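Okay, thanks for coming, everyone.

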Amino acid sequence: MSTSENFVIVGASLAGAKTAEALRDQGFSGRITLIGAEQHLPYERPPLSKGYLAGSAEREKAFVHPESWYAEHDVELRLNSTASRLDRDARVVELSDGDQVGYDMLLLATGASPRTLSVPGADAEGVHLLRTLDDSDRLRALLPTISRLVVIGAGWIGLEVAAAARQAGVEVTVVESAELPLLRVLGPEVARVFADLHLQRGVDFRFNASITEICTSAGRASGVTLGDGTVIEADAVLVAVGVTPNSQLAEAAGLSVDDGIVLDSSLCSSDWRIFAAGDVANSMNALYNKHIRVEHWANALNQPKTAAASMLGQRAHYDQLPYFFTDQYDLGMEYVGYVDPGGYDRVVFRGDVPGREFIAFWLKDNRVLAGMNVNVWDVTDDIKALIRSQAGIDADRLADTGTPLSELTPAAD
Ligand SMILES: Cc1cc2nc3c(=O)[nH]c(=O)nc-3n(C[C@H](O)[C@H](O)[C@H](O)COP(=O)(O)OP(=O)(O)OC[C@H]3O[C@@H](n4cnc5c(N)ncnc54)[C@H](O)[C@@H]3O)c2cc1C
């Protein structure tokens, strides 16, 4: 690889910063420019709705690398800089300040943005989103000053903020269009665990509910009106209704885009000089033999190694199992695997479900598709082995805490 080559990365968050790191680790000695719209050093987002929001985790811990790392690794970091256009013929990234950055290879790590609501009052003061460090700073300053919060959306971020708010003594109402939290991702069996967790901590859920209006008083959010006319008063409202991939640049440049940037398993787009990683990447997963877009930390952490190798002309394929985690109150959990909504026929529990110390397995045709360990640790490798083996499973043994998980994979028989 020539040292005069220019590699450009658009999006300076976890996937972008980790790609710069992987390129250097894999011996690339050419120029790396990392372009990011935000003013902050690349940072990780999980603490923003957990320890950092609650005031227990330090800000510095969120940064992917200390500031000195970028100069030490000869990575040109251009913060506060938005890429506004790609010219694929000229191989140039245009920035919104008019600057142009030429590339030989380009990685798009533009991530995702929170969805907003299109109801009256949605842009009033006191209506919050949570994606950035600045969003988290605003919420962190807000929580000690309010007594009632409405959270719209019972997904991961909505529930994590609900937990942080309850722990700060705030009354929380969570409004959700489905009949349980996290229903699409987890199915009813495990979604109930999360409903119970929050109910026991005093969260007021409104399920099967829609929002028709965010009520305002003197221009500030003062509550929400539900589809049935109920008004819930609040001092602030958090909208946490999912994200959409930031694929506008790619789409305008004529790359293949379909719920994110469409990539092959080497993380290459429909242009062989352009790659993508992280939340914006809808990549062919060699293990599942289908395109999957994963909106989780581990994906943004791990895809860069594959993307960097591919950018350097090596044969690399991304086939990691999706993995994510959450912390809510005293519940910590990890989830590994992949299940289409409703794509399982049975959930097997192993351990103490009411005591919230268990593993749940999602099965189809007696094969494990995914597993979630709740307040049980150091089992991820065993769960991954079960999923990868695709072995027919004896559900009774799987449920029996006396049978080591490592004994259930065929290699162990
Ligand atoms: C509050 C919160 C909590 C989370 N908690 C968890 C968790 O507990 N577990 C878990 O697995 N996952 C969690 N996630 C998800 C995880 O953080 C994401 O999967 C991860 O941030 C994706 O990283 P990324 O680098 O692909 O994209 P992003 O983090 O979205 O970063 C993309 C960056 O690109 C920049 N950008 C976009 N367009 C341009 C442009 N045109 N020019 C320049 N820059 C641009 C953006 O400003 C942004 O800084 C959480 C997310 C949030 C928001």
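I'll go from the overall fold to the ligand shell and then to some strand pairings.

Quick housekeeping: this is a predicted model, where local features need pLDDT of at least 70, side-chain atom pairs count only at pLDDT 80 or more, and totals for chains, interfaces and linings use all residues. Numbering starts from 1 along each chain as its sequence is written.

So, the big picture. We've got 10 helices and 26 strands, which are DSSP runs numbered from the N terminus (H or I, at least four residues, for helices; E, at least two, for strands). The radius of gyration is 22 Å, close to the 22 Å from the globule rule for 413 residues, so the protein is as compact as a globular protein of that length. That radius is taken over C-alpha atoms, and the rule is 2.2 Å times the number of residues to the power 0.38. Along the principal axes, the C-alpha trace spans about 70 × 60 × 35 Å.

How much of it is buried? 42% of the 413 residues, with buried meaning 20 or more other C-beta atoms within 10 Å of the residue's own, C-beta atoms being placed from the backbone. As for contacts (C-beta atoms, placed from the backbone, within 7 Å), if you take pairs at least 6 apart in sequence, 60% join residues at least 24 apart.

Now the ligand. There are 36 residues around it, and G11, S13, R45, G111 and G278 come nearest; a residue is near if its C-beta atom, placed from the backbone, lies within 6 Å. The elements giving two or more residues to that shell are α1 (14-25), α8 (297-311) and β22 (323-328). Domain 1 (6-113 + 244-311) and domain 2 (116-241) each put in at least three residues, with the bounds coming from an automatic or database domain assignment.

On to strands, which pair if DSSP finds at least two bridges between them. There's an open sheet of 5 strands, order β9-β16-β10-β11-β12, with parallel pairing. β9 (127-128) and β12 (204-206) are the edges, each pairing on one side only. Inside that order, β10 (148-152) and β11 (171-175) pair over 5 bridges, and I152 has V175 as its bridge partner in β11.

Last stop: β13 (211-217) and β14 (220-226) run antiparallel, joined by 6 bridges. I214 sits opposite V224 in β14. This hairpin has 2 residues between the strands, and A218 takes a positive phi near 50°.

Technical notes:
A residue is buried if 20 or more other C-beta atoms lie within 10 Å of its own, exposed if 12 or fewer, and partly exposed in between; C-beta atoms are placed from the backbone. Two residues are in contact if their C-beta atoms, placed from the backbone, lie within 7 Å.
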